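I opened this model for a first look and kept notes as I went. Here is what I looked up, entry by entry.

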Amino acid sequence: MIVDIIVDLQYGDCGKGKITHFLCKEHKYTHVVRYNGGCNAGHTIYHKGEKFITHHIPAGVFFGIKSIIGPGCVVDIDQFFKEILELENKGIMARDLIKVANNTHVITSKHLNEDGKDTKIGTTKRGNGPAYRDKYARAGVRAENIPELEPYLIDFYEEMHQEDVIALFEGAQGFGLDIDWGDYPYVTSSHCTVAGAMLNGVPPKAVRNVWGVAKSYETYVGTKNFQGKDPIFDKICEIGQEYGATTGRKRQVNWFDWSLLEKAFNINGVTHLVINKMDVLREADAWKLKKGGKIVDFGSEDVFKEFVTNNLAQTGATIYFSGDKAKI
Ligand code: IMP
Ligand code: MG
């Protein structure tokens, strides 16, 4: 088994869907696997000029690649079937490609009701926290116990531990929302680092590339105060169209936090870094970031890029700066 992993280095919404889509086009993957989270995620994907938002289903289905909801995820059955129908109505034949690991846990109506009442964290109200809590309390329900899912179930070990398997592991949420490394308690309930992928039964020696995805500024959705005072953040929000793909909420905006990026980069062992939405800062004409709590003004795109490249030079990682704001 050979595995490439995609991780988000900030607070989600950095364009992982776009990178998954790009990598599926370029590489010969046999499988695409979602390894954490549930339908709290919203991946915006542009495929052949059309916009799709997926929550559960990995982007492999756009390319006829077998796509799996891994055991590290939690799955909402109604949402799962709804998404298959939505994709098929737009011509993406997902039904025969999508599989669910036997040991994936299920989000029940009880979980949805409970999460629906959250006011403390500002969750997506998709039942994630209660589903993971019940999993760890050994009070959860696994996919293998749901008759409706029968045609979709697989034994993840049997499926993946084969010689010719080359899999792309697609993460959800991001480092700043990670249950262990994020800003607790303003976090999600799953593991958003490469470790989250490994928990799905991936041996370390199988990992080939780690694609870390960030964007040129930061956004966060939830109850904590995140947005900076500068009015430019509202402008960046508008230019970047920073509204949640799952809940439609306005995302709070702040400068790129270099210290957070370095930490996320190192903990994930990133080999390929993508900084998305460079065109948004270009349009806002604001080349700033935060380093050690201080705002640094680079004055130009070139100096901003030079800073990122020079600071990561010794890691040997390949760095990409990407634009096309409409496509994230
Ligand atoms: P939960 O994952 O729904 O429990 O929400 C916990 C926190 O993570 C909240 O601040 C959510 O807004 C945030 N969150 C969850 N999923 C995503 C995502 O896919 N993108 C961005 N933020 C997310
Ligand atoms: Mg998203």
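**Entry 1: a loop residue and its helix**

I started at Gln 241, which sits in the loop between H7 and E13. My labels are DSSP runs numbered from the N terminus, with helices being H or I of at least four residues and strands being E of at least two. Gln 241 is not a glycine, yet its phi is positive, about 50 degrees. Its position is just after H7.

Next I checked H7 (residues 232-239) itself, where the buried residues are Ile 232, Phe 233, Ile 236, Cys 237 and Ile 239. I use buried for under 20% relative accessible area, exposed for over 50% and partly exposed for in between, with a 1.4 Å probe and protein chains only. Among the elements covering those H7 residues I found strand E12 (217-220), strand E13 (252-257) and helix H9 (278-284). Contact here means heavy atoms within 4.5 Å.

**Entry 2: ground rules**

I noted that this is a predicted model, in which local features need pLDDT of at least 70 and side-chain atom pairs count only at pLDDT 80 or more, while totals for chains, interfaces and linings use all residues. Residues are numbered from 1 along each chain as its sequence is written, chains are lettered from A and ligands numbered from 1 in the order in which they are written, and side-chain values use heavy atoms, with hydrogens and water left out.

**Entry 3: the sheet**

In what order do the strands of the open sheet run? I read nine strands, E9-E7-E5-E2-E10-E1-E11-E14-E17, with parallel pairing. Strands count as paired if DSSP finds at least two bridges between them. At the edges are strand E9 (153-154) and strand E17 (318-321), each pairing on one side only.

I zoomed in on E1 (residues 2-8), which runs parallel to E10 (residues 166-170) and is joined to E10 by five bridges. Ile 2 faces Ile 166 in E10 as its opposite number. Helix H1 (residues 16-26) lies across E1, E2 (31-34), E10, E11 (207-215) and E14 (272-276), and runs at about 155 degrees to E1. That angle is on a scale from 0 to 180 degrees between N-to-C directions, with axes as lines fitted to C-alpha atoms, for helices over the stretch in contact.

**Entry 4: the magnesium ion**

Which protein atoms hold ligand 2, the magnesium ion, as donors? I found Asp 13 (OD) and Gly 42 (O), 2.1 to 2.4 Å from the ion. Donors are N, O and S atoms within 2.8 Å of the metal (3.2 Å for Na, K and Ca), and sites may look incomplete because water is not among the atoms. Asp 13 is in the loop between E1 and H1 and Gly 42 in the loop between E2 and E3, 29 residues apart. Asp 13 is partly exposed at 23% relative accessible area, whereas Gly 42 is buried at 15%.

**Entry 5: ligand 1**

I counted 17 residues around ligand 1, with Asn 40, Thr 124, Thr 188, Val 221 and Arg 249 coming nearest. Near means that a heavy atom of the residue lies within 4 Å. For polar contacts I took pairs of N or O atoms within 3.5 Å; within protein, one must be able to donate a hydrogen and the other to accept it, and residues adjacent in sequence count only if both atoms are side-chain atoms. Polar side-chain atoms of Thr 124 at 2.6 Å and of Arg 249 at 2.9 Å each meet an oxygen atom of the ligand. The side chain of Gln 173 has an N or O atom 3.1 Å from a nitrogen atom of ligand 1.

**Entry 6: a hairpin and a histidine**

E3 and E4 (residues 50-54) pair antiparallel over five bridges, and His 47 stands opposite Glu 50 in E4. Two residues lie between the strands of this hairpin, and Lys 48 takes a positive phi near 45 degrees.

His 56 comes in the loop between E4 and E5 (66-69). Is His 56 buried or exposed? I noted that His 56 is buried, at 1% relative accessible area. Its side chain reaches the backbone nitrogen of Asp 76 at 3.1 Å.

**Entry 7: a cis bond**

Last, I found a cis peptide bond between Tyr 184 and Pro 185, with omega about 10 degrees. Pro 185 is in the loop between E10 and helix H6 (194-198).
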